[in-house]
Amino acid sequence: MPFPLVSGHLSLDLVNTEVVKRGIRQNLLISEGELVDWINTMQNAGNLFNGQFDIESVLADGLYPVLVLRQFLRSGFEKIAEGEQVSDDWLSYLENLNKRAPFTYKLISNKLVPIPVGHPVDAIISLVAFDALQLHASGDLKNLRRCNNPDCVLLFMDTSDRRKWCSMKICGNRTKVARHQKRQEEKQSK
């Protein structure tokens, strides 16, 4: 299953590797191969860059720590999406993750890119934590929303203050089709 890229941010796209399909929550990162697929997807989307860390070294023991971080981020992001504040401990935890693989910087494609220095697993975790901290520091998390579909667990950024769905393709269109079918059924029953 392709990864839903509805947020444009590394940390949110990691959280969004859990989806609901046919009413059942599914983990899209079950194996190391799927973790590599997600990393490659993030690189293709421009959220990660080749050369930021060694992907092959992440395979050995990276899946579990990434899943732990995903769950930690989800708990904080869901609070924020509900209008609550995250605790200072939540932010401190993310800051401590960055200490495990602090950054140097390199110009890649005319962008100044953070390059974590440390074990590759710590590197990917540091990049995700850094993204979440940047979202918090910039105030962009005030635009964090949950999809209006009560069965959907995806989070997204709403800068227009009008967006209701994680994606029109994923949930918005389903809702419109369901409403249309209901209207058609009502017309036929009259």
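Just after helix H2, Gly-46 takes a positive phi of about 85 degrees. The structure is a predicted model, in which local features need pLDDT of at least 70 and side-chain atom pairs count only at pLDDT 80 or more, while totals for chains, interfaces and linings use all residues. Residues are numbered from 1 along each chain as its sequence is written, and side-chain values use heavy atoms, with hydrogens and water left out. Helices (H or I, at least four residues) and strands (E, at least two) are DSSP runs numbered from the N terminus.

**Helix H2**

- Helix H2 spans residues 32-45, and its 14 residues reach 20 Å from the first C-alpha to the last, close to the 20 Å expected at 1.5 Å a residue; the expected span is 1.5 Å times one less than the number of residues.
- Leu-35, Val-36, Trp-38, Ile-39, Met-42 and Gln-43 are the buried residues of H2. They lie on the same side of H2, because they cover an arc of only 160 degrees around the axis, taken from the directions from the helix axis to the C-beta atoms.
- Buried means under 20% relative accessible area, exposed over 50%, and partly exposed in between (1.4 Å probe, protein chains only).
- The cover over these buried residues includes helices H1 (10-15), H3 (55-61), H4 (63-81) and H6 (120-138), with contact meaning heavy atoms within 4.5 Å.

**Salt bridges**

- The whole structure holds seven salt bridges, each defined as a side-chain nitrogen of Lys or Arg within 4 Å of a carboxyl oxygen of Asp or Glu.
- Arg-146 and Glu-78 meet through their side chains in a salt bridge (3.6 Å, N to O). Arg-146 lies in strand E5 (residues 144-146) and Glu-78 in helix H4, so this pair ties together parts that are 68 residues apart in sequence.
- Arg-146 also forms a salt bridge with Glu-82, with the closest N and O atoms 2.7 Å apart. Glu-82 lies in the loop between H4 and helix H5 (88-100), so this pair ties together parts that are 64 residues apart in sequence.
- Arg-146 is partly exposed at a relative accessible area of 34%, and Glu-82 is partly exposed at 48%.
- A network of salt bridges links Glu-18, Arg-25, Arg-70, Arg-74, Glu-78, Glu-82 and Arg-146.
- Arg-145 and Asp-158 form a salt bridge between their side chains (3.9 Å, N to O). Arg-145 is in strand E5 and Asp-158 in the loop between strand E6 (155-157) and helix H7 (168-189), 13 residues apart.
- Arg-145 is partly exposed, with a relative accessible area of 22%, whereas Asp-158 counts as buried at 3% relative accessibility.
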